[in-house]
Amino acid sequence: MARIIVVTSGKGGVGKTTTSAAIAMGLAKKGHKTAVIDFDVGLRNLDLILGCERRVVYDFVNVINDEATLNQALIKDKRCDKLFVLPASQTRDKDALTVEGVGKVLNELKKTFKYIVCDSPAGIERGAHLAMYFADDAFVVTNPEVSSVRDSDRMLGILSSKSQRAEKAETPIKEYLLLTRYNPARVKLGEMLSVDDVQDILSLHLLGVIPESQAVLNASNSGTPVILDDASDAGQAYADIVDRYLGEDTPHRFIDEEKKGLFGRLFRS
Amino acid sequence: MATTPSLNSQNLPAFEFKSSVITVPVLNIYTTDVNVLSLQLREKIKQAPEFFKNSSVLIDLQNIQDQELNLSLLVDAIHNVNILPIGIRGGSEAQKELAYQIQLPSFNATSTSAEKAPVEKIPEPTVTAPSAIAEPAATNNIENTLISQPVRSGQRVYAKGDLVITSHVSAGAEVIAEGNIHIYGALRGRALAGVLGNENARIFCSDLQAELISIAGNYRISENIDDSYKKIPVQIYLNEQALIIKNT
């Protein structure tokens with residue numbers, strides 16, 4: 001049974017696209033056939049993060065408008081043959097998305113894919129609403145600061161009231177918290193909300209904490225999902241998240257400040 | 001130049017039906033003995049004659065609806081003290097018929113739970129939180145609402161009776177009830193109890209960090225709520241138009 005995962009936040013710039021690319025790649029590397037869809041019509045980015053921007057021919061809107069088939073539009077990743085990307089259109093706007101159109105594409109994907117990751121645009125308008133409307137699971141990406149937390153809270157309210165599952169009174173969307181750009185040193189100084197502070201406000205199942213890391217920027221610039229950078233803390237954090245999502249009991253890391261360096265941590269285990 | 005005022009005035013609407021809510025004093029009648037009533041009424045009015053002069057009143061017959069009553073005598077007695085009855089409510093069918101004969105409207109008896117509930121009867125918060133299944137709170141009043149999920153920023157909950165929340169209320173959320181509000185968690189948003197004017201409504205919560213609290217329109221914003229009420233169970237009630245916050 002295919003599962004649709006929406007990566008959402010409300011606020012912009014918190015790491016939705018980075019997260020979408022990383023977990024889609026992570027799920028694919030675990031052997032699950034995974035599609036990742038960019039819902040940010042007009043502000044296409046996911047193809048850049050995944051490094052397939054020069055191979056885009058048809059896009060999501062073309063498929064919705066029956067100008068191309070799904071197979072024509074899906075781009076197979078060169079590093080992992082289980083990962084496929086459905087890019088957004090850069091020349092259209094979010095009004096090009098319709099409930100029927102998105103539903104049709106997702107239903108077709110569900111026939112052959114195990115996981116469908118929907119990269120939501122920022123905001124709570126049409127694009128974001130349609131990205132989460134058909135979801136089974138929601139990854140709520142939050143930065144440890146008050147405005148991001150409040151926007152996530154708002155998004156959670158929308159998830160529980162405006163999704164298809166809510167409208168049909170089915171089992172609600174499963175909501176997970178991903179805390180990104182976490183810096184334990186700054187938390188200690190009181191410059192950043194701690195995991196507990198965020199949990200206190202959102203009371204949500206914590207899937208993982210991704211530390212603030214130079215590796216994320218490097219990965220974005222080179223078009224390589226950060227999860228492929230095994231040596232980096234952010235890459236490992238995303239790998240942990242994929243494991244936890246798939247049901248493995250992996251202990252949380254990167255929450256407390258490491259006394260030892262990276263090597264000390266690697267050799268200790 | 002060639003305006004025809006007569007035509008114009010015909011086109012303008014001469015009247016309009018509208019619905020409006022007004023507050024009128026209610027005279028609860030406990031006896032069918034008009035003489036006794038008349039006597040006590042005069043005594044009462046002597047205390048504040050100006051206040052009662054030409055005041056309108058709704059006659060509530062709920063307490064004597066199964067007794068025989070000479071309604072027109074009763075109405076005369078009230079007229080005699082310069083009070084103007086505008087109708088009856090809560091009467092039996094026979095009493096309504098009598099009222100109709102003397103061209104006095106009959107109103108439906110409303111459930112005046114707000115007026116009837118004395119302060120001491122307001123339920124205190126129980127320590128055990130109800131089970132986390134959404135179902136109407138277990139009382140006779142089916143209009144009470146139980147919420148077991150967090151009320152998120154931007155969400156709004158309205159309860160016709162009491163509102164019980166077994167989770168927290170986020171900043172930017174609004175919980176509104178015609179009755180009391182119980183929150184078994186942190187209140188960071190807005191809570192408005194007794195919104196239809198029930199001054200006996202109360203707010204109970206186990207961690208007060210609210211943006212705004214209000215009872216029957218009397219409100220206080222977070223700036224004016226002391227931080228010392230954080231993380232402790234409190235109740236908020238109205239005492240002579242003043243909001244009182246008290247550690248329970």
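How many salt bridges does the rule count over all chains? The count comes to 21 salt bridges over all chains, where a salt bridge is a side-chain nitrogen of Lys or Arg within 4 Å of a carboxyl oxygen of Asp or Glu.

Before I turn to individual pairs, a word on conventions. This is a predicted model, in which local features need pLDDT of at least 70 and side-chain atom pairs count only at pLDDT 80 or more, while totals for chains, interfaces and linings use all residues. Residues are numbered from 1 along each chain as its sequence is written, chains are lettered from A and ligands numbered from 1 in the order in which they are written, and side-chain values use heavy atoms, with hydrogens and water left out.

Let me begin with the salt bridges in chain A. Glu145(A) is joined to Lys11(A), with 3.9 Å between the closest N and O atoms. Glu145(A) sits in the loop between strand 6 (137-142) and helix 7, and Lys11(A) in the loop between strand 1 (3-8) and helix 1 (16-29) of chain A, so this pair ties together parts that are 134 residues apart in sequence. Helices (H or I, at least four residues) and strands (E, at least two) are DSSP runs, numbered from the N terminus. Glu145(A) is partly exposed at 28% relative accessible area, and Lys11(A) is partly exposed at 26%. For these classes, buried means under 20% relative accessible area, exposed over 50%, and partly exposed in between, with a 1.4 Å probe and protein chains only.

A further pair is Arg253(A) with Asp240(A), at 2.9 Å from N to O. Arg253(A) belongs to the loop between helix 12 and helix 13 of chain A and Asp240(A) to helix 12, so the bridge ties together parts that are 13 residues apart in sequence. Arg253(A) counts as partly exposed at 30% relative accessibility, whereas Asp240(A) is buried at 7%.

Thr250(A) is found in that loop, between helix 12 (233-245) and helix 13 (262-268) of chain A. Thr250(A) is buried, with a relative accessible area of 17%. Neighbours within four places in sequence aside, Thr250(A) is in contact (heavy atoms within 4.5 Å) with Asp240(A), Asp243(A) and Arg244(A).

I now come to the interface of the two chains. Here 11 residues of chain B are in contact with 13 residues of chain A. The size of an interface is often given as the accessible area lost when the parts come together. Between chain B and chain A, about 870 Å² is buried, of which carbon and sulfur atoms give 35%; buried area is the accessible area (1.4 Å probe) that two parts lose on being put together, summed over both. On the chain B side, Arg152(B), Ser153(B) and Arg188(B) lose the most area to chain A, together 55% of what that side buries. Three salt bridges are found across this interface. Arg152(B) also meets Asp153(A) in a salt bridge, 3.0 Å from N to O.

Next, the nonpolar interior. A nonpolar core is a set of buried Ala, Val, Leu, Ile, Met, Phe, Trp, Tyr and Cys residues joined through side-chain atoms within 4.5 Å. The largest such core has 51 residues, and Phe39(A), Phe60(A), Leu86(A), Val102(A), Leu106(A) and Leu109(A) have the most contacts inside it. Helix 7 (residues 146-162) of chain A gives the largest share of this core, five residues. Beyond its neighbours within four places in sequence, Phe39(A) is in contact with residues including Phe60(A), Leu97(A), Val102(A) and Leu130(A).

Finally, the sheet in chain B. Four strands form an open sheet in the order 1-2-3-4, with parallel pairing; two strands pair if DSSP finds at least two bridges between them. Strand 1 (26-28) and strand 4 (106-107) are the edge strands, each pairing on one side only. Strand 2 (residues 55-60) and strand 3 (residues 83-89) of chain B pair over six bridges in the parallel sense, and within strand 3 the bridge partner of Ser56(B) is Leu84(B).

Elsewhere in chain B, Ala216(B) occupies the loop between strand 12 (212-215) and strand 13 (218-221). Ala216(B) is buried at 19% relative accessible area. Ala193(B) lies 23 residues away from Ala216(B) in sequence and 6.4 Å away in space, C-alpha to C-alpha.
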